[in-house]
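Colleague: I would like to go through this model with you, one point at a time. Please keep the answers brief.

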Amino acid sequence: MGAGVSGLTAAHDFIESGFDVLLVDDYADPGGNHISREFGPYTFDIGAIFFWQDSLLPTIFEGITRGWIPVKFDACRITPTGRVLRYPFDVKEELLAQSPRFIGKACLDVLRARAFGRRRRSALDFSKYYLGDTLLRTSGLGNYLRRFYGIPLDNISYEFARRRMGWIASNGSLHGQLRNRLLALKRHRAVEQSEINCNVRPRSGFAPMYRTAVDQLRAAGLVVRLDAGIERIARDGSGFVVIAGDDVYCAPRLVNTMPLVKLAALLNCLTDDLPESSALITLCCRFRGNRGFRGNVLYNFHDEGRWKRLTMHSDHYGMVDGWQYFAVEVTTRQVLECATELFADFRRSTANVGLFDGELDLVGDFRTDFAYPVFDREAAAKKAEIAQRIKALGVESVGRQGDFDYTPSANEAIALVRDAVGTETLRGKRAET
């Protein structure tokens with residue numbers, strides 16, 4: 001169940017191990033939350049989606065790279081003072097260029113946090129340990145994380161921060177940034193600046209790209225049912241029955257990669273206190289004029305604005321009649337949000353720091369539910385309770401959505417699935433089946 005990266009990977013490995021496999025998804029196109037939308041001549045994605053040079057997808061699905069466009073990932077951010085600087089932290093501008101008093105206070109804060117920061121209750125404790133109070137405040141990192149996860153840092157689980165916010169330790173700390181700068185100095189700057197380090201999806205969108213993977217699996221024997229309209233899942237003796245409209249599918253084994261809460265509802269085993277996921281509203285915009293920054297991704301670390309990140313799609317796919325176009329992300333936990341109000345908020349907050357000086361229009365918007373798991377300090381217990389009920393029914397729920405786990409890359413999603421249902425494990429379970 002589920003035809004995103006996790007589901008496609010699991011289907012591939014099951015087929016490689018000799019199973020007969022049916023892949024079912026409610027989405028009309030494969031790819032999960034890798035979704036593209038077109039509004040007139042403009043093309044947009046959910047989020048900042050890049051495929052790095054070490055991507056595992058081409059090693060699993062031949063031909064999936066057809067149409068990929070090589071690009072240089074160049075990210076920047078708006079700081080609390082309104083400046084556009086390097087993402088996620090600029091040691092030169094935000095530390096070394098400051099007064100000796102500021103530098104001394106920032107360093108003392110970090111030393112104090114390392115010596116006495118033993119409390120491990122939340123992501124705030126985790127962040128302070130590596131940055132100290134001064135840099136955490138002046139960098140605006142807390143502003144961004146609050147927008148990303150939808151809750152304040154002091155309510156985000158410490159265990160989640162330790163597992164999934166390690167980039168703070170490697171990029172946000174003084175030690176990590178100094179190390180990165182030293183490594184950069186060892187490379188020739190001209191080569192570094194021209195280096196192509198990743199790819200973006202084809203101009204035609206994600207759906208044709210992932211259909212290539214589905215076609216490969218079909219040729220190997222996979223049966224696929226997209227736009228299925230799944231209504232219910234039930235046990236049937238030693239196996240499972242999936243009811244989708246007039247169609248009924250039966251199998252001795254069921255592996256789920258769709259959202260954990262959605263699966264629980266289909267199994268009729270919901271709990272009273274469910275783990276929560278936030279939705280993502282994508283504002284699709286076009287612009288003519290001086291945008292005020294060079295990067296192809298801009299993060300919002302400023303105090304103002306609901307939006308957390310924007311991605312310049314026209315940098316990759318070309319402008320349209322002089323118009324640049326980009327997608328703006330807003331994380332929300334509300335059922336209803338007004339896109340025009342969110343766009344007005346975006347326009348106001350960027351204008352206040354001197355960005356997007358010219359014509360700026362909203363050309364469309366769309367909402368994606370189950371975008372990010374909300375890892376508050378109670379989330380682990382809530383997840384454990386619902387996961388135990390699902391496991392007791394014999395369903396294997398894996399992957400980012402199926403295991404209610406935030407994974408920042410396709411490679412990590414693939415690794416998680418293969419850890420859960422790896423090839424050797426599959427062969428052993430096939431013998432048992």
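Modeller: Start with a salt bridge. Asp109 pairs with Lys105, with 3.6 Å between the closest N and O atoms. Keep in mind that this is a predicted model.

Colleague: What separates Asp109 and Lys105 along helix H4?

Modeller: Helix H4 covers residues 100–116 and holds both residues. Asp109 and Lys105 are four residues apart there, so the separation is about one helical turn.

Colleague: Is Asp109 buried or exposed?

Modeller: The cut-off for buried is under 20% relative accessible area. Asp109 has 7%, so the label is buried.

Colleague: And which label does Lys105 get, at 46% relative accessibility?

Modeller: Exposed needs over 50%, and buried needs under 20%. Lys105 has 46%, so Lys105 counts as partly exposed.

Colleague: Which residue is linked with Lys105 and Asp109 in a network of salt bridges?

Modeller: Side chains of opposite charge can pair when their charged atoms come close. Here the network holds Lys105, Asp109 and one further residue, Arg112.

Colleague: Asp109 also touches Asp133. Which residue makes a polar contact with the side chain of Asp133?

Modeller: Asp133 sits in helix H5, residues 123–139. Leaving out residues up to four places away in sequence, Asp133 touches Asp109 and Lys128. The polar contact, at 3.2 Å between side chains, is with Lys128.

Colleague: How many salt bridges does the count come to?

Modeller: The rule asks for a side-chain nitrogen of Lys or Arg within 4 Å of a carboxyl oxygen of Asp or Glu. By that rule the count is 26.

Colleague: Arg203 and Glu38 form a salt bridge, at 3.8 Å from N to O. How many residues apart in sequence are the parts that this pair ties together?

Modeller: Arg203 lies in the loop between strand S8 (198–200) and helix H11 (206–219). Glu38 lies in strand S2, residues 36–39. The pair therefore ties together parts whose separation in sequence is 165 residues.

Colleague: Glu94 and Arg77 form a salt bridge too, with 2.5 Å between the closest N and O atoms. Which elements hold the two residues?

Modeller: Glu94 and Arg77 are 17 residues apart, and the pair links distant parts of the chain. Both residues are buried. Glu94 is in helix H3, and Arg77 is in strand S6.

Colleague: Now the nonpolar side. Which residues have the most contacts inside the largest nonpolar core?

Modeller: In soluble globular proteins, nonpolar side chains tend to be buried together. The largest nonpolar core here has 71 residues. Its largest share, six residues, comes from H5. The residues with the most contacts inside this core are Tyr149, Met165 and Ile390.

Colleague: Which residues does Tyr149 touch, leaving out those up to four places away in sequence?

Modeller: Tyr149 is also a member of an aromatic cluster, along with Phe160 and Tyr406 among others. Phe160 and Tyr406 are both on the contact list of Tyr149 as well.

Colleague: Which arginine lies over the face of Phe240?

Modeller: Arg37 lies over the face of Phe366, at 5.2 Å from the ring centre. Over Phe240, at 4.4 Å from the ring centre, it is Arg235.

Colleague: Backbone next. Which peptide bond is cis, with omega near 0°?

Modeller: Most residues other than glycine have a negative phi, and most peptide bonds are trans. Pro88 lies in the loop between strand S7 (84–86) and helix H3 (91–96). The cis bond runs from Tyr87 to Pro88.

Colleague: Phe404 is not a glycine, yet has a positive phi. What is the value, and is Phe404 buried or exposed?

Modeller: Phe404 is in the loop between H16 and helix H17 (410–420). Phi is about 50°. Relative accessibility is 3%, so Phe404 is buried.

How values were computed. Residues are numbered from 1 along each chain as its sequence is written. This is a predicted model: local features need pLDDT of at least 70, side-chain atom pairs count only at pLDDT 80 or more; totals for chains, interfaces and linings use all residues. Side-chain values use heavy atoms; hydrogens and water are left out. Rings of Phe, Tyr and Trp (its six-membered ring) pair if their centres lie within 6.5 Å; planes under 30 degrees apart count as stacked, over 60 as edge-to-face and the rest as tilted. A charge sits over a ring if NZ of Lys or CZ of Arg is within 6 Å of the ring centre and within 35 degrees of the ring normal. Contact means heavy atoms within 4.5 Å. A polar contact is a pair of N or O atoms within 3.5 Å; within protein, one must be able to donate a hydrogen and the other to accept it, and residues adjacent in sequence count only if both atoms are side-chain atoms. A nonpolar core is a set of buried Ala, Val, Leu, Ile, Met, Phe, Trp, Tyr and Cys residues joined through side-chain atoms within 4.5 Å. Buried means under 20% relative accessible area, exposed over 50%, partly exposed in between (1.4 Å probe, protein chains only).
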